[in-house]
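Trainee: I would like to go through this structure step by step. Can we put it on the screen and begin?

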Amino acid sequence: MARFLTSSIGKKFVQSVSGAFLVIFLLLHGTINFFSVIDSLHGNFGKVAEDAVRFSTGDGWFQVGCDFMSTPFIDIMVPILALGFIIHIGFGIWLSIENYTKRGGIKRYEVASKAKNDSWAAKNMFILGILVLGLLAFHLSHFWAKMQLQEFMGAEAENPYYLLMVTFKNWWMVALYIVWFIALFLHLEHGFWSMFQTIGWNNKKWLKRLKVIGIIVAAAIVLLFVCTAVNAYVEANFVTASHEWTAPLLAKF
């Protein structure tokens, strides 16, 4: 097993498996965030039941989604997810260093390389990964630390609608968020089909299909998160005052 994990194929396999797990998480998390947009469409943005009961019928969709993210099952998955991130990042750095060395290091442009035909994303997966890591740090400090971590510590979690509005009330933060997710799109678009190629789905017929599916999946994830940020900006600056349910949130701004 140790020999397999230290081999080139083994490292790529681990990178692919951990990457697949993260893609599933991003789809789930992005969908729950998008519930806030659905709430806005129905005039329920900021709707939180006074009974403070989990999965209350008086909650908006986004609040219900956040309740799901704080269930014991998700609490158990958090350390597994954290381990997946660490493994994915660690093996990504390992592979990047090896590829850099094999291609000649700082003199890699002086020799012919089969990588010259690779896409920009393929050549810069490490850089894109660093940008995505910045997005993760942003998320942990602005949302997870003030919601799931607070509940884990026995304190009351912040109102999720309030956190969205406070975080994205400034246009420059939304713009920075979009730039981050462009990096995520490029990272996922290449990583998705590369993941399947690693496990043997590399024939020409399926590879073309997987590249298209990768673009669709990456675009869906990015759109879910970007729409959430843009919607929160609109709510914070133009709409919230007209909503009966969100009036108490205004006092916090």
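Trainee: What share of the contacts in the chain with a separation of 6 or more comes from residues 24 or more positions apart?
Mentor: Keep in mind that the model is predicted. Among contacts with a separation of 6 or more, count those between residues 24 or more positions apart. Their share is 71%.

Trainee: How many helices and how many strands are in the chain?
Mentor: Read the elements from the N terminus on: they run α-α-α-α-α-α-α-α-α-α-α. The chain therefore has zero strands, and its helices number 11.

Trainee: At what angle do helix α8 and helix α10 pack?
Mentor: Helix α8 covers residues 160-168 and helix α10 covers residues 204-239, with axes 8 Å apart. The two helices are roughly perpendicular to each other, a term used for angles of 65 to 115 degrees. The angle here is about 90 degrees.

Trainee: Which residues of α8 make the contact with α10?
Mentor: On the α10 side are Thr 228, Ala 229, Ala 232, Tyr 233, Glu 235 and Ala 236. The residues of this contact divide into seven nonpolar, one polar and one charged. From α8 come Leu 164, Met 165 and Phe 168.

Trainee: How many residues are in the largest nonpolar core?
Mentor: Phe 168 is one of the residues that touch the most other members, along with Tyr 177, Phe 181, Leu 184 and Ile 221. Helices α2, α3, α6, α8, α9 and α10 each supply at least two residues of this core.

How values were computed:
Residues numbered from 1 in each chain as written. Predicted model: local features only at pLDDT ≥ 70, side-chain atom pairs only at ≥ 80, totals over all residues. Heavy atoms only, no water. Axes fitted to C-alpha atoms, helices over the stretch in contact; angles between N-to-C directions. Helix = DSSP H or I, 4+ residues; strand = E, 2+ residues; numbered from the N terminus. Parallel < 35°, antiparallel > 145°, perpendicular 65-115°, else oblique. Contact = heavy atoms within 4.5 Å. Nonpolar A, V, L, I, M, F, W, Y, C, P; charged D, E, K, R; others polar. Core = buried A, V, L, I, M, F, W, Y, C linked by side-chain atoms within 4.5 Å. Buried < 20%, exposed > 50% of the residue type's maximum accessible area, 1.4 Å probe, protein only.
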